[in-house]
Amino acid sequence: MKPGSVFIQIIPLGTDWASDTYFGESSFKFGLKYVAYKILPSESSLSDSYEKNDPVLLDPDTVNQRGWEVTKEVYLDNQNVRLNLRRFEKRLLRAYYYTIAKKKGHFPIQSQ
């Protein structure tokens, strides 16, 4: 991607740490406009397998503290994302308006 491009990242449950470390921080270093979209539990296939009050859905950090194997099994191997397109639209619009402003010579402040 060219510097100034918009990078939209969909962040599944339990992957905040990796998303920020591997993509969020790097995008700023490469001059990209980073837009994060952290899914809600209802957008994860895990909501079909776990009770709505389960830590897997509500407190992924606690689950991740059990170690890499648990994180991998729960959040990486067994999760699919079903985007709420109405919610996601906000991120798409943010990217669109940033791109239009950039083309017109206006450079909005880079934020998440």
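Helices, such as the helix 5 in which Lys102 lies, are DSSP runs of H or I with at least four residues, numbered from the N terminus. The model shown in these views is predicted.

**View 1. Helix 5 from end to end.** Helix 5 runs over residues 85-103, a stretch of 19 residues. From the first C-alpha to the last, helix 5 spans 26 Å, close to the 27 Å expected at 1.5 Å a residue. Lys102 and Lys103 both belong to this helix. Lys102 is partly exposed because its relative accessibility is 30%, whereas Lys103, at 70%, counts as exposed. The C-alpha atom of Lys102 is 38 Å from that of Leu58, and 44 residues separate the two in sequence. For Lys103 and Ser42, which are 61 residues apart along the chain, the C-alpha separation is 36 Å.

View 2. Arg87, Phe88, Arg91, Ala95, Tyr98 and Ala101 are the buried residues of helix 5. These residues lie on the same side of helix 5, because they cover an arc of only 150° around the axis. An α-helix has 3.6 residues a turn, so residues three or four places apart point the same way. The buried residues of helix 5 pack against strand 1 (6-11) and strand 2 (33-38). On the other side of helix 5, the exposed residues are Leu85, Arg86, Tyr97 and Lys103.

**View 3. The salt bridge between Glu43 and Arg87.** Glu43 and Arg87 form a salt bridge in which the closest N and O atoms are 2.6 Å apart. Buried means under 20% relative accessible area. Glu43 is therefore buried, with a relative accessible area of 2%. Arg87 is also buried, since its relative accessible area is 18%.

**View 4. The salt bridge between Lys38 and Asp16.** In this pair the closest N and O atoms of Lys38 and Asp16 are 2.9 Å apart. Lys38 is in strand 2 and Asp16 in helix 1, 22 residues apart, and the pair links distant parts of the chain. Lys38 is partly exposed, with a relative accessible area of 45%. Asp16 is likewise partly exposed, at 30% relative accessibility. A search of the whole structure finds four salt bridges, among them this one.

**View 5. The salt bridge between Lys72 and Asp77.** Lys72 and Asp77 form a salt bridge, with 3.0 Å between the closest N and O atoms. Lys72 has a relative accessibility of 31% and so counts as partly exposed. Asp77 is partly exposed as well, at 47% relative accessibility.

**View 6. Helix 1 and what covers it.** Helix 1 has 14 residues and covers positions 16-29. The distance from its first C-alpha to its last is 18 Å, close to the 20 Å expected at 1.5 Å a residue. The buried residues of helix 1 are Ala18, Ser19, Gly24 and Ser27. Strand 1 and strand 2 are included in what covers these buried residues. Just after helix 1, Gly31 has a positive phi of about 75°.

**View 7. The nonpolar surface patch.** Trp17, Tyr22, Phe23, Trp68 and Leu76 make a nonpolar surface patch of about 550 Å². Helix 1 (16-29) and helix 4 (68-76) are the elements that give two or more residues to this patch. The largest share, three residues, comes from helix 1. Trp68 lies in helix 4 and is partly exposed, with a relative accessible area of 46%.

Definitions and conventions. Residues are numbered from 1 along each chain as its sequence is written. This is a predicted model: local features need pLDDT of at least 70, side-chain atom pairs count only at pLDDT 80 or more; totals for chains, interfaces and linings use all residues. Side-chain values use heavy atoms; hydrogens and water are left out. Patches are made of residues with over 30% relative accessible area and no salt bridge: like charges are joined within 9 Å, nonpolar side chains (Val, Leu, Ile, Met, Phe, Trp, Tyr) within 5 Å. Accessible areas come from the Shrake-Rupley method with a 1.4 Å probe; for residues, only the protein chains shown count as cover. A salt bridge is a side-chain nitrogen of Lys or Arg within 4 Å of a carboxyl oxygen of Asp or Glu. Buried means under 20% relative accessible area, exposed over 50%, partly exposed in between (1.4 Å probe, protein chains only). The expected span of a helix is 1.5 Å times one less than its number of residues. The arc is that of the directions from the helix axis to the C-beta atoms. Contact means heavy atoms within 4.5 Å.
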